Amino acid sequence: MSDPSGAPPPPLPPPLPPPQPPKNRGLGWFFAVSGSVVLLLTLGCMLAVSGGNLFSEDGGLAFVCGSPTLILGGVFLWLGSRRLKR
């Protein structure tokens, strides 16, 4: 039998993979800009419908009708900011 101390050492573990290149940030900018534009246009439309007084009776109607668009703009802005943080 051969001497176990003369055996070659075990192979080294494989090296770490190279770091991934940064992802394209264009989609993040698209979401952020689109969300901002949707929010600004919705708020402008709500102010125009309510005559500048968001706490009037027409202001309540503007909030009810504009809330889905406000939510959509907020979600787009949130998605864009999350993608840009990566």
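Helix axes are taken here as lines fitted to C-alpha atoms over the stretch in contact, with angles running from 0 to 180 degrees between N-to-C directions. In this predicted model, helix H1, spanning residues 26-50, packs against helix H2, spanning residues 57-85, at an angle of about 165 degrees and with the two axes 7 Å apart. Because angles over 145 degrees count as roughly antiparallel, H1 is described as roughly antiparallel to H2. The crossing in which H1 passes H2 is left-handed, and the contact of H1 with H2 comprises, by class, 16 nonpolar, 12 polar and 2 charged residues.

Aromatic pairing was examined next. A pair of aromatic rings is described by the distance of the centres and the angle of the planes. The count comes to 2 aromatic pairs. Phe30 and Phe31 form a tilted pair, with a centre-to-centre distance of 5.9 Å and an angle of 50 degrees between the planes. The rings of Phe31 and Phe76 have their centres 5.2 Å apart and their planes at 80 degrees, so this pair is edge-to-face. Phe31 lies in helix H1 and Phe76 in helix H2, 45 residues apart, and the pair thus links distant parts of the chain. Phe30, Phe31 and Phe76 form one aromatic cluster.

Note on methods: Residues numbered from 1 in each chain as written. Predicted model: local features only at pLDDT ≥ 70, side-chain atom pairs only at ≥ 80, totals over all residues. Heavy atoms only, no water. Helix = DSSP H or I, 4+ residues; strand = E, 2+ residues; numbered from the N terminus. Parallel < 35°, antiparallel > 145°, perpendicular 65-115°, else oblique. Left-handed = near helix turned anticlockwise from the far one by under 90°. Nonpolar A, V, L, I, M, F, W, Y, C, P; charged D, E, K, R; others polar. Phe/Tyr/Trp six-rings, centres within 6.5 Å; stacked < 30°, edge-to-face > 60°.
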